[in-house]
Amino acid sequence: MSVDLDLQGIRDQALRNLLNHLNDSVTDQWNEIALFKATDYTDPARAELERDKIFGEVPFIVAHTSELAGKNDFISVELPRNKVVVVRQKDGSVKAFVNACRHRGAQLVSEESGKCRIFSCVYHRWSYDPNGELRTVTLDTTFGDFDRSKFGLVEIPVEERHGFIWVIDNAHREIDVAAWLGPEMDAILADFNVEKLVSIDPHTYRRPTNWKILQDGFLDNYHVKYAHPNTAGKMLHTNAVTLQDYGRHFWFLTGRKSVDQFIGHDVTWDESMEKHTIESCYLAPNTMLLKHATHIEILTFRPVGANPNESIMQMRILAPTVEDSGLAQEHWEKRWKKNWNFLVSILHDEDFPILDGSQRVLSSMDAGTMLLGRNELSSHLFRREVDRLIYGTSEA
């Protein structure tokens, strides 16, 4: 169901709220402090529930449209339940398959990405068309007869929407991204025009950290000036968020320090405000999207199988094409290389040491009960959705 969402009104009100928050040194809040246990991040039984009840049941993003730009382009990705290859079809659609030959289960695709008109197994040279159909059985006169139509690659539900490739990591499910997003978030993503952007050198990190710790770290506006005093903390406000809760997902606005010039003034949202603020979306279950004036950053987090102590984080910069940017190729490449270098230095020097260290110490037998403050609204809403998915409730 579509909805006529008043984004201008939402942005107007959010901007006014944010300026009031900054003037009063307050932020949007949850109704109470919450308690949580270290085992939320270390318990193998819970990790198994998250693998199956979250990633095996609901859509999540695995790529940007531009990463599969042409027919027969493919990427291979490690998901919590399956190793998958995603392929652009001749008709422009996208399909996803378990990355295993149906003969003896050998890995079919070892490359991270590429273009291929036929997938050929290195073990016995069985081959498959990009649409997953079994094409060749080597020495078939001696292999024996069987119904080849039943032994194509196992298909994983996939859908392309709003410039992203979404999957459900379960061959026995059906996918409906619009229904999952809900009308409000579907309208917000449509407004962002992500499909007009290109993905620039996506980065993948395998971390010794629970996926929820990583997700939390990039939802958190409370830590900015403390963990990043000489980088992001110089540019961004800390502990000042105004948020719209859409049930599963939420949208929120945070401020760059340059927005201070508007405190105390009666202002409305226009395009010029994009350089003073950041629009962010949490797309359940595992994605953080940040809309800047010049580009979008998107971060996804997923567990490695049912291991509570290991996860895969992917980060993408989505930017206008060279043509749309108006920049010369050399300047375009220089801009995004500089941007990536800055982001990677923050990740490696500041974020990862803290978040990896949290995972290590949360394995302590006597870590105790911990607190989530009322000001940590995004983290409350993230936990609410995780618990709803694995337990069918907002409380574990």
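Accessible areas here come from the Shrake-Rupley method with a 1.4 Å probe; for residues, only the protein chains shown count as cover. This is a predicted model: local features need pLDDT of at least 70, side-chain atom pairs count only at pLDDT 80 or more, and totals for chains, interfaces and linings use all residues. Residues are numbered from 1 along each chain as its sequence is written, and side-chain values use heavy atoms, with hydrogens and water left out.

**View 1. The whole chain.** The chain exposes about 18700 Å², and carbon and sulfur atoms supply 48% of that area. It holds ten helices and 20 strands; helices (H or I, at least four residues) and strands (E, at least two) are DSSP runs, numbered from the N terminus. The radius of gyration is 22 Å, close to the 21 Å that the globule rule gives for 396 residues, so the chain is as compact as a globular protein of that length. That radius is taken over C-alpha atoms, and the rule is 2.2 Å times the number of residues to the power 0.38. Buried residues make up 53% of the 396 (buried: under 20% relative accessible area; exposed: over 50%; partly exposed: in between; 1.4 Å probe, protein chains only).

**View 2. Helix α5 and Lys212.** Nine of the nine residues in α5 (residues 211–219) are buried. At the helix start, a side-chain oxygen of Asn210 comes to within 2.9 Å of the backbone nitrogen of Lys212. Lys212 counts as buried at 5% relative accessibility. Leaving aside neighbours within four places in sequence, Lys212 is in contact (heavy atoms within 4.5 Å) with Asp40, Tyr41, Arg46, Glu50, Phe382 and Val386.

**View 3. The nonpolar cores.** A nonpolar core is a set of buried Ala, Val, Leu, Ile, Met, Phe, Trp, Tyr and Cys residues joined through side-chain atoms within 4.5 Å. The largest has 61 residues; Val86, Ile165, Leu299 and Met313 have the most contacts inside it. Helix α9 (residues 329–361) gives the most to this core, with seven residues. A second, separate core of 37 residues includes Ile10, Ala14, Leu22 and Leu289. Beyond four places in sequence, the contacts of Met313 include Leu214, Phe218, Leu299 and Phe352.

**View 4. A five-strand sheet.** The open, antiparallel sheet runs in the order β6-β3-β4-β5-β10. Two strands pair if DSSP finds at least two bridges between them. β6 (113–115) and β10 (155–156) stand at the edges, each with a single partner strand, so one side of each lacks a neighbour in the sheet. β5 (residues 94–98) and β10 pair over two bridges. Phe97 stands opposite Glu155 in β10.

Key:
Polar contact = N/O pair within 3.5 Å; in protein donor to acceptor, adjacent residues only side chain to side chain.
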